[in-house]
Amino acid sequence: MPRPEIEQITFTVDGREVEAPAGTMLADAAKLGDVDIPVFCYEPKLGAPVGACRMCLVEIEGIPKLQTACSTPVRDGMVVDTQNPRVKSAQESVVEFLLLNHPLDCPVCDKGGECPLQDISFGWGRGETRFVEPKRHFQKPVELSPLIAIDRERCILCYRCVRFSQEVSEDYQLILHERGADTFVGTFDGHPYVAPFSGNIMELCPVGALTSQAYRFRARPWDIEQSGSVCTMCPGQCNVSYTVRDDRVVRVLNRQNDAVDDGWLCDRGRFAYQSTYVDERVTGPLVRENGRLVEASWDRALATAAKLIDAAGDRVGALAGGSASNEDGWLLRRLMTEVVGSRDFDSRPAGLLSAGLQAALDAPEAQATVEDLDWAHAVLVLDTEPVDDMPVLDLRLRKGIRRNGVRLAVATSRPSALDPNAELTVRFAPGAGEAFVCALDAAIGGVGDVTGLAAAAGADPEAVEALGRMLREAGDDVIVVWGERLTHIADPERAANAARALLKASGRLGLLDGRTGSGLLQVPSGGNGRGLREIGVLPNVAPGFSEPAKVGRSSREIATATSAGELDVLHLLHVDPVATFPDRALWQSALGKARGVVAHAAFLTEGVAAHADVVFPSEASAEKEGTVTHPDGRLQRLRPAVGKPEGTLPTWQVLSHLITALGGRATALTSMMVTTEITEAVPFYAGITHDEIGGFGVRWQDRDASEDFPAGDTGPFSLDAPVAAASPNGALRLGSFRSVWSSPEVRHAPALKFLAPKQRAELNPDDAADRGIRHGQRVLVTADGTVVSATAHLRTTSPRGSVFLETGLGDESASALQSTEATVPSMVTVESA
Amino acid sequence: MTWNPDSDVVEVARGPEPGGLGGAYRVFGETLRGLKTSFMRVVEGTHTVEYPEEKIPVYPRWRGRHKLHKFEDTGLEKCVGCSLCAAACPADCIRVVATENTPENRVSGGERYAAVYEINMSRCIFCGYCEIACPFDAITMGSDFELADYNRSDLIFTKEMLLAEPMVRTPLRAEGE
């Protein structure tokens, strides 16, 4: 559905003429005239109003009875009165009714002081009650989940949490039990409410009925300060507000930015702050001594790292992880190119695309924004699982489908959480993304051998045809949300072929023409993947997607070169390739062979703990300063909310010191000066200042400097024949995924620990039956002699011939099974343990 | 309305003109009158209170050192750690860190209790707002005002100090005294 044109109308509220967009609900429109109408159940983020609490009753001329302002759209010439005695008495009565059963435990309630019910009772209530009967009583407090406590006595039955669960996150877990005064919120069968977005209901609750277990009794509103920043744990880059008490983060709230997060947060972003204050965190520099990492002074750690890098000459490789800010990435790049003289650095876990193709995929004309997803005609989710890779995008897609009739198609190998909402789902074999995009291109263009290509991708040809037809006929505004994983192919030729096919297919749909509301949206595999790409933390790309003088090694080539002894030192910036990159065995041997490993890490993950010679502590999210770039090109600013652990240097300063120690010229004295260096070097960032970025960020595509974006390689292309997915032939294709809960922060945060994933093998029930495997049974997954044990998890939606295992779980990871020659997807056998 | 300057004139009351014999006589008379008051105090005897050996009892509404209270029957603390006293405090001298009561460790009557309750007496202005703000009458102002110490950090009173029955150093004025 296209974005509707909204005209302005004029109406009168309390004698004031107010101009408002037509169709706005009265409760919102009145605010434009500085008239405050109290509400409890109304929340525009939740979609259509329900009018459940009756707090917003107003008098409208021509309508005999009082109307709810939250569910009455304004019309031209409407005359509204919110102040007359009739309205006043209705408001007082509603407050009195709501307080009948509300306990008077404000002093012990966590909401006390920031509670809409307190504010509205004070502002619009009668001030006394006539109710003398005993109040309703429930057992309190009860755990709704390990993260949320529910106090059912305090609930005013506004439905907000139930509506969130039913209509926004669509996990359909929360319902209202019983009737009348006995009504209470809970899950249908009493199991805990565990969902990726469950924490949002605590912020929605207008009373203290739903409170955070982690924040329980930690502070009161006058003890705390709010400090805005951006979460960097995934590419979603939700705007957050850290609640700080005594220089410690005690809570994370959303900071609504409609262009980024719509005011929602996932539970990982909401509770991972706890991992800042655990003993396992690295809070000072460590140096390896007699095989063990021991605490060392900053001077010694810096000298050791400088000596290691100096001794290696230009035989140094570097990797930057997704949580690295633009500033960290930039200084790493300068260290490598200007001081060390090596171009072997990368920010992608696998795959390599030419600067031209990268530029074509990231071009401003081809860029769709997150907000465009609200009003697109059709959206294709291609080889990414939003709820795992960029959680907040999942809610955005659901919103578009539910409220604006966006048509969704999902094309992935693993069944997606969005499947039930999709008009069309297509499955292809794991690792056969290239063949699938080629088939899709043929289907959209109506040329070529769709059947053959679909078969090569392990997909159903009819479904691919139907997908092509749907995208072609949906309308002008089509958006393809694609995962960077699509191009994570070891062979650069094939990665390029996949990118070309994607560009070709997009070209056929007119996504590259610069039309607002349509285009591509890439979901990078690292939180700041786009920023690192644009400032040139890639072996073959200079800042701003220009061609460099010399091309270095990509991450995979760095691994092979280090294993072969061609690189001596590895510099790991907020990344542990053993834990997170594909091909675990190769990285383990690379780190083992490396003569020196310098790491910046917050936790001693396995690769860092086993192989790093020097570890510098990296900042927690709330301690970080710098800028990051959102997948749709929005530069956002990280502001430190709390101080770093005593005596700790920020990462940019560590890198600066290393540059100086190695004889380079450190030009930056502050993080802001690094930002300036970046905006001077990247043509399309030119002139962006911290002030311009402000609280909500700025998209560089919206600025004049975006004209300096280099022309990308947009074809016309002729596609190579893709490599066909291997036929299962008795074995199973190995697919991998990384769940939202798989990160060191989740493993270490006390509140989130229970969510840390354990390895499970997702199988189709028929495949399982062939092997005599039951749901929940322990199984052994074997490839080339490597064995990983897992719990069988049968999913009827899982495609036949494939098994999916999780990555990022140490020895048990799917990456342990992925073969070194990753040109074809790994084949595995599954048997019961 | 027209301006009428006459109504603005204020009559100035002046004393008798000084000067001459009459003036001298009047000054002497007034001095005697004053001295009469002084001599009458002499007859009354000494009024000096020999503090600190001797103390004046304070009135019941005197605002001295704070006290935290417990329930007499159960022995549980009345304070639930709601921090309202800290919010009301104009000198910002109260710090409360609350924690949850558990069945094994029940400290207060409510769901939460104050794990840390500190008053910085060197900052306190003894306004009594904390007592007014307290919804559970857990904190009251006591009678003690002798709080001087040699060390500022010793003036931070912890929860244990505030809960303990204070040494009776200041007598309280009895009813009708």
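I began with the second largest cavity, for which I noted a volume of about 90 Å³ (the space filled by probe spheres set on grid points joined across faces, edges and corners). A cavity here is a set of points on a 1 Å grid over the protein atoms alone where a 1.4 Å probe fits but cannot get out, and lining residues have an atom within 4 Å of a point.

The model is predicted: local features need pLDDT of at least 70, side-chain atom pairs count only at pLDDT 80 or more, and totals for chains, interfaces and linings use all residues. Residues are numbered from 1 along each chain as written, chains are lettered from A in the order written, and side-chain values use heavy atoms, without hydrogens and water.

I found 15 residues lining the second largest cavity, with Cys79(B), Cys82(B), Cys85(B), Cys134(B) and Ala138(B) nearest its centre.

I then looked up the largest cavity and recorded about 140 Å³. Of its 19 lining residues, Cys155(A), Cys161(A), Val185(A), Cys205(A) and Leu210(A) are closest to the centre.

I turned next to the interface, where 16 residues of chain A are in contact with 16 residues of chain B (heavy atoms within 4.5 Å). The two chains bury about 1200 Å² between them, 54% of it on carbon and sulfur atoms (accessible area, 1.4 Å probe, lost on being put together and summed over both). On the side of chain A, Pro107(A), Phe217(A) and Trp222(A) lose the most area, together 47% of what that side buries.

I also noted 5 salt bridges across this interface (a side-chain nitrogen of Lys or Arg within 4 Å of a carboxyl oxygen of Asp or Glu). Glu111(B) and Arg154(A) meet in a salt bridge at 3.6 Å, N to O.

Note on methods:
1 Å grid on protein atoms, 1.4 Å probe; cavity = no way out; pocket = protein on both sides within 12 Å on 5 of 7 lines; lining within 4 Å.
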